[in-house]
Amino acid sequence: MMLERLRAWWRPSGAPKGGNGEPDPARVARMVDGIVALSPHLRMARRYEARLEPAVAAALRYMGGVVAAIPPAREASAAAWSVDPYIHAFFTGPDAVAPTLSRSRDLRAFFEQNPGLQEAWAVLGMAMQEKRVLGAVLEGETMRRDVVKETISFSDHQVRICGRSEPELREEVVRRLVMQLGLQGMARYAAEQNRRGLLERERALLRTRLQLLERKGVGMHAMLGAEGETGSDELARLQQSIAENEESLGQLGLRSEALDRELSEVCAVLADPAAHLYVNTRRCVLNKMNVVLEPGSAEAGDEVVFEVAQVPTVPPRARAFTLVRFARGDLASPQGLLDEAARMLG
């Protein structure tokens, strides 16, 4: 139900299928190596490089277009909260910006690994909550207090991917998305193997039951007809179940073909990225209280555009994300974070 509601207000990002032209062959080769490193035995599959390269190139083209459509990085600071409607919408107040981002271990580690860098570009991911509340609105000279309004709030701010520049960050995002496609192809193959295991266990049980029934058929019960037609009926049903089981196993192929099948699954997902990774653009006009304004509303508001990705968890989750720029000088000290935590608990 929640996913249906999310999809109702997602808008396509408009990323072209063709992306920004053919990716560089060296870049494709690096991505092939990266994907195979996730499952090294794929190197033993026949012609693995020749089969992966066109699929990886298709994934790079598509994801390059998706990432190119993401709005430019925004300064994440206390000063920006007052003037940037995006930062204002994403954080509860100016004093929340720096402490929230400073809690990211990845961001702190990035600054430690780049001591001369004064700014970091990062992907800010957030949980997003949509609520409907009753509010007041002025209609002419009448104040209505029972109007249903939609609000959006953001929480669980996470920074995991950082870069020394915006182009470097965008390239890293593309790489991560393509790697995620490779992982999803491997997960599809693993699910297939789980199904094979279930079918093989079912086949063993069916054959054992069939043997028992057949042995029963040469004993006293069959000779005297004490079972009537029940035994033969059950025997027919079991034989039918075994035939269906064998057909299902046959569709999964021989175990000797396992490497080729796993590689085929990975290539299929990479070659059709739009069917497996969902990144869409949310556009809305918000007032200062993060209330969504209807088109044509007389109330002052700002358009905010951010991306929403469906995370492949069970069940799937939707996370909002945007690109931000954060200054080393705004990084809170560990003691400052402890003081902030104590203040919030108090």
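Does Phe90 count as buried or exposed, and at what relative accessibility? Phe90 counts as buried, because its relative accessibility is 1%. Keep in mind while you look around that this is a predicted model.

Let's start with confidence. The chain has a mean pLDDT of 79, and 69% of its residues reach 70 or more.

Two stretches need some care. Over residues 1-19 the pLDDT stays under 50, and the model has 35 contacts beyond four places in sequence for them. Residues 217-230 also keep a pLDDT under 50, and here the model has five contacts beyond four places in sequence. Where pLDDT is low, the predicted coordinates should not be read in detail.

Now back to Phe90. A pair of aromatic rings is described by the distance of the centres and the angle of the planes. The count for this structure is five aromatic pairs. One of them is Tyr86 with Phe90, an edge-to-face pair with 6.4 Å from centre to centre and 70° between the planes. You'll find both Tyr86 and Phe90 in helix 5 (residues 85-90), four residues apart, which is about one turn of the helix. Tyr86 and Phe90 are both buried.

Phe90 has another partner: Phe90 and Phe154 form an edge-to-face pair, 5.0 Å centre to centre with 85° between the planes. This pair links distant parts of the chain, since Phe90 is in helix 5 while Phe154 is in strand 4 (residues 142-163), 64 residues apart. Why is Phe154 called buried? The reason is its relative accessible area of 8%, as the cut-off for buried is under 20%.

Next, find Ile35 in helix 2 (residues 25-38). Its relative accessibility is 0%, so Ile35 counts as buried. Which residues does Ile35 contact, leaving aside neighbours within four places in sequence? They are Val56, Val178, Met179, Met186, Val266 and Leu270. Take Met179 from that list: Ile35 and Met179 are 144 residues apart in sequence, yet their C-alpha atoms are 6.2 Å apart in space.

Thr100 belongs to helix 6 (residues 94-102). With a relative accessibility of 14%, Thr100 counts as buried too. Not counting residues up to four places away in sequence, Thr100 touches Phe91 and His157.

## Strands side by side

Strand 8 (residues 317-327) is mostly covered, with eight of its 11 residues buried. Strand 2 (residues 74-75) runs parallel to strand 8, and two bridges join them. Which residue in strand 8 is the bridge partner of Glu75? That partner is Arg325.

## Cysteines without disulfides

How many disulfides does a search of the whole structure find? The search finds zero. Cys162 is buried, because its relative accessible area is 14%. Cys267 has a relative accessibility of 12%, so Cys267 counts as buried as well.

Finally, check out a couple of backbone angles. Arg47 isn't a glycine, but it has a positive phi of about 50°. Arg47 counts as exposed, because its relative accessibility is 55% and the cut-off for exposed is over 50%.

Asn290 isn't a glycine either, and its phi is positive at about 65°. Asn290 sits in the loop between strand 5 (279-286) and strand 6 (291-292). Is Asn290 buried or exposed at 10% relative accessibility? Asn290 counts as buried, whereas Arg47 counts as exposed.

Notes
Residues are numbered from 1 along each chain as its sequence is written. This is a predicted model: local features need pLDDT of at least 70, side-chain atom pairs count only at pLDDT 80 or more; totals for chains, interfaces and linings use all residues. Side-chain values use heavy atoms; hydrogens and water are left out. Buried means under 20% relative accessible area, exposed over 50%, partly exposed in between (1.4 Å probe, protein chains only). Contact means heavy atoms within 4.5 Å. Rings of Phe, Tyr and Trp (its six-membered ring) pair if their centres lie within 6.5 Å; planes under 30 degrees apart count as stacked, over 60 as edge-to-face and the rest as tilted. Two strands pair if DSSP finds at least two bridges between them. A disulfide is a pair of cysteine sulfur atoms within 2.5 Å. pLDDT is the predictor's confidence in each residue, from 0 to 100.
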